[in-house]
Amino acid sequence: MSFYLGLDSSTQSLSALLIEVDPAVSEAGERHRRIVLDLTLNFDDQLPGYGTKSGVFQDEDPQVVHSSPLMWAEALDCLFARMQDEGVDLSRVVAIAGSGQQHGSVYLGAGAGEAFAGLDPERSLVQHLQGHLTRSSAPVWMDSSTARECEEITSALGGPQSVAELTGSRAFERFTGPQIRKFYQQETRAYELTDRVHLVSSFMASLLAGRHAPIDPGDGSGMNLMDIRERDWSSLALEATAPDLASKLPDIAPSTTIVGKVSPYFVQRFGVNPEASVVAWSGDNPCSLIGVGLVRPGQVAISLGTSDTLFGFMPELRVDPAGEGHVFGAPTGDYMSLICFKNGSLAREKVRDRFGFDWLAFDEALAASPPGNNGAVLLPWFDPEITPTVLDAGPRVYGLDWKDAPAAARAVVEAQMASMSIHSRWMDVETDTIYATGGASKNWAILQIMADVFDAEVLPSSVGQTAALGAALRAWHADRLAAGDPIPWSVVVEGFSAPDSAGRVSPNPANKEVYQNFLRRYEACERHALGLGPEPDLTN
Ligand code: XUL
């Protein structure tokens with residue numbers, strides 16, 4: 001039996017998911033496989049010294065959101081130590097892959113490559129990184145402080161549509177290119193001293209492999225720097241972003257790339273198999289695509305995590321003409337479409353905490369309010385929103401009484417589902433089935449609203465950590481490919497990513513019309529709040 005390890009360095013935590021796979025197929029054509037371990041280390045709780053809240057630093061400017069690369073590195077040490085404490089036999093791990101929160105960037109000086117290569121098991125990863133960061137913190141996907149840089153890049157590249165056609169997305173504030181440009185413009189000397197700009201994914205892979213790891217096309221497409229068709233850096237986009245950028249970026253390599261053997265650091269310190277391969281890491285959404293088993297067109301998944309995302313497998317490249325959605329590279333070598341909402345779980349928690357509820361009480365509140373919420377609408381922009389772009393944070397309400405707990409709870413969930421439905425139209429996928437994943441997908445009342453708003457069957461994923469699972473499956477796939485024994489993606493995801501059909505939630509036909517009206521009303525409120533439409537009539 002072989003172990004494959006998937007790690008997920010997300011906004012709030014670092015997780016490990018270990019799968020065991022029988023290399024041989026039985027006579028009945030079956031292959032034994034199971035999840036051996038599913039561990040999560042929460043940054044705020046377990047590494048409180050960094051002072052993060054929900055995994056990020058609070059800045060007085062709500063548009064500036066950074067986190068700590070040192071915290072992520074320390075978490076990696078802690079997670080391996082915990083696996084060892086739990087008695088996991090890490091000497092059986094054949095390959096390790098990972099998933100990282102997308103867009104976040106880590107800036108390293110010229111000595112970092114040597115530091116990676118010379119990791120000494122007597123010293124921690126944090127000690128090795130001391131003195132090698134040219135920017136002490138890392139801007140992450142929640143940062144929306146680069147509107148000016150986005151405009152500059154867009155105008156240099158000939159407009160939003162050209163940027164989208166070239167890179168898969170128009171320029172977005174959280175994307176790495178605009179973030180790099182801001183660093184170059186505001187901290188020019190530190191930018192000049194930067195030898196390598198990594199994504200969270202390639203940074204973590206570099207620590208594991210003990211060398212600079214490449215960026216995969218899945219995460220590379222979240223930078224506004226990669227030619228989405230060529231799956232390589234676009235010299236035009238690099239020039240529009242910052243000088244000498246080509247020399248500061250890692251290579252782009254296929255998601256199946258074996259970066260190398262695991263660094264001896266992990267062998268000596270935690271007993272990892274010295275022959276274990278490190279596979280290129282990818283972004284959390286591309287990994288979740290595999291983790292929920294979307295390796296064919298026609299289905300979509302909704303991930304209800306720190307960010308809410310809606311994504312689907314896309315065989316042919318087609319960018320969003322409205323410029324709200326993204327096309328990323330899929331780990332299968334195809335494409336994926338995605339839209340991202342910043343006001344995901346933290347917005348749900350804000351409403352929950354306002355009334356001192358736990359999730360059970362939140363569910364009861366949802367049940368105590370009618371579908372369509374008697375016409376009340378909340379635009380849940382507690383933080384600056386990505387879709388649609390809202391930089392000036394603050395929830396907007398139409399006919400909602402904030403003191404009415406059931407109405408407020410329903411309003412936030414209905415708003416999130418309506419917004420996802422409206423802004424995903426460009427994907428043009430018949431959504432008769434939605435795969436639901438992420439923390440809130442355990443909440444039946446939320447899934448019922450999802451089913452009703454989309455008028456689609458909702459199948460919750462049977463595994464909580466779909467990004468980590470996707471990473472573990474990618475590790476297995478890449479290992480077999482490198483061994484000359486490739487396994488089709490449909491077989492790789494089979495069994496593991498099977499949704500929980502017992503948890504299936506069907507749309508309630510009685511609510512169909514209510515939600516058709518609600519979607520119209522929500523869209524009218526949104527247009528009004530964005531200054532694009534008249535005061536909505538909430539009476540019909
Ligand atoms: C996707 C995005 C978020 C992060 C969160 O574009 O910004 O989903 O990947 O981890």
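Visitor: How many helices and strands are there in the chain?
Guide: The chain has 20 helices and 21 strands, taken as DSSP runs numbered from the N terminus, with at least four residues (H or I) for a helix and at least two (E) for a strand. This is a predicted model, in which local features need pLDDT of at least 70 and side-chain atom pairs count only at pLDDT 80 or more, while totals for chains, interfaces and linings use all residues. Residues are numbered from 1 along each chain as its sequence is written, and side-chain values use heavy atoms, with hydrogens and water left out.

Visitor: Switching to the ligand, which residues are closest?
Guide: Of the 13 residues that surround the ligand, the closest are His 103, Arg 174, Asp 284, Asn 285 and Ser 307, where a residue counts if one of its heavy atoms lies within 4 Å.

Visitor: Where does His 103 come in, then?
Guide: A polar side-chain atom of His 103 lies 2.7 Å from an oxygen atom of the ligand, and an N or O atom in the side chain of Ser 307 is 2.8 Å from a ligand oxygen.

Notes: A polar contact is a pair of N or O atoms within 3.5 Å; within protein, one must be able to donate a hydrogen and the other to accept it, and residues adjacent in sequence count only if both atoms are side-chain atoms.
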